[in-house]
2 protein chains.
Amino acid sequence: MDGWARITTEDLTELKLIVGEDHLRSDEESRHEYGHDETEDLVHPPDVVVFPASVDEVSSILKFANERSIPVTAIGARTGLSGGALSTHGGIALSMKRFDSIIQIDERNFQATVEPGVINQVFHHACKAEGLFYPPDPSSWGSCTLGGNLAYNAGGPKAVKYGVTNQYVLNLEVVLASGEVIWTGANVLKNSTGYNLTQLMVGSEGTLGIITKVVFKLLPYPKEDLTLLVPFSSAENACAAVSAIFHEGVTPAGMEFMERDAIDWTLKYVDDVQVPTGEDIEAHLLIELDGNDADVLFKDAEVIATVVEKFGAGEVLIADNQAQRDALWKLRRRVGEAVKSHSIYKEEDTVVPRAELPVLLKGVKDIGAKYGFKSVCYGHAGDGNLHVNIVKGEMTDEAWNTELPKGIREIFELVKGLGGTISGEHGIGYVQKDYLDIVFNDANLAAQKAIKKALDPKGILNPGKIFPGS
Amino acid sequence: MDGWARITTEDLTELKLIVGEDHLRSDEESRHEYGHDETEDLVHPPDVVVFPASVDEVSSILKFANERSIPVTAIGARTGLSGGALSTHGGIALSMKRFDSIIQIDERNFQATVEPGVINQVFHHACKAEGLFYPPDPSSWGSCTLGGNLAYNAGGPKAVKYGVTNQYVLNLEVVLASGEVIWTGANVLKNSTGYNLTQLMVGSEGTLGIITKVVFKLLPYPKEDLTLLVPFSSAENACAAVSAIFHEGVTPAGMEFMERDAIDWTLKYVDDVQVPTGEDIEAHLLIELDGNDADVLFKDAEVIATVVEKFGAGEVLIADNQAQRDALWKLRRRVGEAVKSHSIYKEEDTVVPRAELPVLLKGVKDIGAKYGFKSVCYGHAGDGNLHVNIVKGEMTDEAWNTELPKGIREIFELVKGLGGTISGEHGIGYVQKDYLDIVFNDANLAAQKAIKKALDPKGILNPGKIFPGS
């Protein structure tokens, strides 16, 4: 176990003293439950799951774990797609579910102070009730927590206009590996005071500290929105239209791409949504516009209609009531689950400059043909973020285990060559770490490791993640 | 000199071999020229100024300096206001002025690849010529360079709607202290791949690496704008109106506050601008709206007029042609220079949550009265970023040297208590470092120092900056 300690009976006694008898579980069932997230069928159980409820408890747990060199893996809602919450080296699973308080929504300053165990959608609606807008909304927003969103710098459909999680984080309360507690920044919109520890923590996958409080910046909630569904007879044309729309000066609040297969499988999986599925349709763009002026949105929709026509789009469907709109977004949000329910799969989270999307899509299909795998592609086309779901289908186990990794490497090399990278919003975690050499040179990896070593000398925080060979 | 080496004749010979005879200066005049920026009257000359032109040359210089433990201070246009470019420990001043190429403006992807020695305004206009928008525009935009903007995470009037420099940085080519060269990220809008070294470098004041290339994200250039000047009979009411305007759902592209004295002194300094200066006027808000639809801007202007009336504003002046608009912005951009031309001064760069601005303004005046100093306040009110210019005027040298630091500390403690911090856009540099304990606890400072040590073990990069007592 590379020098990490396993949990002993004495350790359990110590941990119970910190969190209380009722907030610790070491039975087989709990360890299994907390040993997986939504990443493939992987299970890596911790030795024990603890449920602290205060920064002092987290501090005491880390101090204890650091002294004893026990691995500590922070756990949110286990909706992650890169295996970041797996206790690959055993030790303590630190569930943050009891950190579920929205401490303050400050409508004077458009800010909120929140605990990391709050569910994304719950927070979104609490802000909305005050006329305020927290834009990041990953597909799993109904169950994922803000802490997990921070750990992986989550995106979601609205990122194209509003940016991802890190753009909304002003300040973090963090417990360091030593158990010491810091605030990383200040509750302000601009800050040139020392190193940006806030942005270093966001996206660091629980390897540099445990976030116990967050101060978010919020926006005024947009008053109007409009959702469009645009069918295309060619998936590559759909991708090419994305870039052309931005070029006309229209910045949609959502710009989602779905391949034919993604829609077909999802329609089998959700039974209350209807979309055009004519035989000549190979892909759809789901486009959302928002703002404070309905006339402007309709003007923008006209611009979009003119652009997509040039790319051979079929008739543009405008969702003109909330029920239609919700149905379309439900379809989009369920694609991932639907495709995955169909077969053993691997999901890749490629991202490129958005005008390169057609090249990426064609490359993925060509590489699939070469190595014998089929893929279903969908994702946040406005950001150049294409989710590539590789389905096992009829592939032999041998091809799956030996040929596929070569194919994935080739896809990632293509992505890198296009100026992109291997994860746009899912993180590196456990399943992508051995591809990191594709995007970072040795000096960069050494710099990242040096920072890890500086903040967590014993390597107790979420070992086995991010770094190749870890 | 704390273990740092001074430059010898042999060193000069080595450095000439790297950059060429014509691109090194060690004469008294050059050393003096490169020994100051725009911070007070401080002068700390380097031993030698070098002017590399390629990443390989920068790499060779750092490798050499690192082996010899020679301090290296990166130099842009020396417009900084926190003394970050001062060679306080001698050594090499690394001027980046020959890195002045706009390598590519990629209008397909709304991105640009640029060298750090390019002047902000030059870059802004090059983007604009392609229909693209690079929003950060500090007051010194006509002379400051992008590299300096990155080092201090510069803001400017448009930050209130568009954010500061760090929101536009996708990827950086950086030479580390060892001379090794890395790219920090990828050319994409969302990225969950490893630690965010990009955001760690931005704002690190040349203490963690030397930036040699930048990939910026750009926006479509807004088609319309509208500038308003609003007079108030009370400075605190002007500050209070700021928050109220946002609360009505209007997000201006600029929201600047100027105290009466700031305007009066500037009007003496620039002779071709006319603004109302009735006796009952104590402050102005300069407000800019932008977007793609002129009707929307006029509607927003009406909302603003209604709001400010409640705060006792006088008649709202609308600049309805480009000449008027330019004149108003010229006035605002020259305030700093004008106030400083008047007296010996110190400039503070306080920032608080924006609804706390009236409290901050009142606090600054009260603390000034207590310690016997006068201040002129102006700045980016929409961001809660108030520049406090303390003028020496009739103060004795003794009061200036002994009482004033106590007063500044009290202002910063007030700022911290309001959820704010001690620099919004100027950086900590040389002149604010000994106040850092106000905003960071020991564990935070230790974490920052550990990161510094991890990336620059010998401490050669811009020593004497950021950290208290350094």
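Predicted model: local features only at pLDDT ≥ 70, side-chain atom pairs only at ≥ 80, totals over all residues.
**Notebook: strands, a helix pair and some cysteines**

I started in chain B, where E6(B) and E10(B) run antiparallel and are joined by 4 bridges. One of the facing pairs I looked up is Thr113(B), which stands opposite Val215(B) in E10(B).

What order do the strands of the open sheet in chain B take? I wrote down E5-E6-E10-E8-E9, which makes 5 strands, and the pairing is antiparallel. At the edges sit strand E5 (102–106) and strand E9 (181–183) of chain B, since each of them pairs on one side only. Going from one strand to the next, I get an average twist of 10 degrees.

Reminder from class: strands of a sheet pair through backbone hydrogen bonds, and the pairing can be parallel or antiparallel.

Next I checked what packs on this sheet. Helix H3 (residues 55–68) of chain B does, and it touches strand E8 (169–175), E9 and strand E10 (210–217) of chain B. The direction of H3 makes about 50 degrees with that of E8(B). Helix H4 (residues 120–128) of chain B packs on the sheet too, touching E5, E6 and E10 of chain B. For H4 the angle is about 35 degrees, taken against the direction of E5(B).

**Entry: E5(B) and E6(B) up close**

How many bridges join E5(B) to strand E6 (residues 111–114) of chain B? I count 4 bridges, and the two strands run antiparallel. I found Ile105(B) opposite Ala112(B) in E6(B), and Ile102(B) opposite Val114(B) in E6(B).

The two strands make a hairpin with 4 residues between them. In this hairpin Phe110(B) takes a positive phi near 55 degrees.

Then I looked at which way the side chains of E6(B) go. In a regular strand they alternate between the two faces of the sheet. In E6(B), Gln111(B) and Thr113(B) point one way, while Ala112(B) and Val114(B) point the other way. Buried or exposed? All of these residues are buried.

**Entry: over to chain A, strand E17**

I picked Ser375(A), which lies in strand E17 (residues 374–380) of chain A. Why does Ser375(A) count as buried? Because its relative accessibility is 5%, and the cut-off for buried is under 20%. Leaving out residues up to four places away in sequence, Ser375(A) touches Glu259(A), Val364(A), Lys365(A), Val388(A), Asn389(A) and Ile390(A).

Which strands does E17(A) pair with? One is strand E13 (residues 254–259) of chain A, in the antiparallel sense over 2 bridges. There, Met258(A) stands opposite Tyr378(A) in E17(A). Another is strand E18 (residues 385–391) of chain A, which is antiparallel to E17(A) and joined to it by 7 bridges. In that pairing I see Val376(A) facing Asn389(A) of E18(A).

E17(A) and E18(A) also form a hairpin, with 4 residues between them. Gly384(A) sits in the turn and has a positive phi of about 70 degrees.

**Entry: cysteines**

I went looking for disulfides and the count over all chains came to 0. Cys127(A) has 0% relative accessibility, so it counts as buried.

In chain B, the closest cysteine sulfur to that of Cys127(B) belongs to Cys144(B), 14 Å away, which is too far for a bond. Cys127(B) counts as buried as well, because its relative accessibility is 0%.

**Entry: the two chains, and a record**

I superposed chain A on chain B with a rotation of 180 degrees and 0.0 Å of shift along the axis, and the RMSD is 0.0 Å. The two copies are therefore related as by a two-fold rotation axis. Of the interface residues of chain A, 100% are also interface residues in chain B, so the copies meet through the same surface.

Key: Residues numbered from 1 in each chain as written. Chains lettered and ligands numbered in written order. Heavy atoms only, no water. Buried < 20%, exposed > 50% of the residue type's maximum accessible area, 1.4 Å probe, protein only. Contact = heavy atoms within 4.5 Å. Least-squares fit on C-alpha atoms with pLDDT ≥ 70 in both. Pairing = 2+ DSSP bridges. Axes fitted to C-alpha atoms, helices over the stretch in contact; angles between N-to-C directions. Disulfide = S-S within 2.5 Å.
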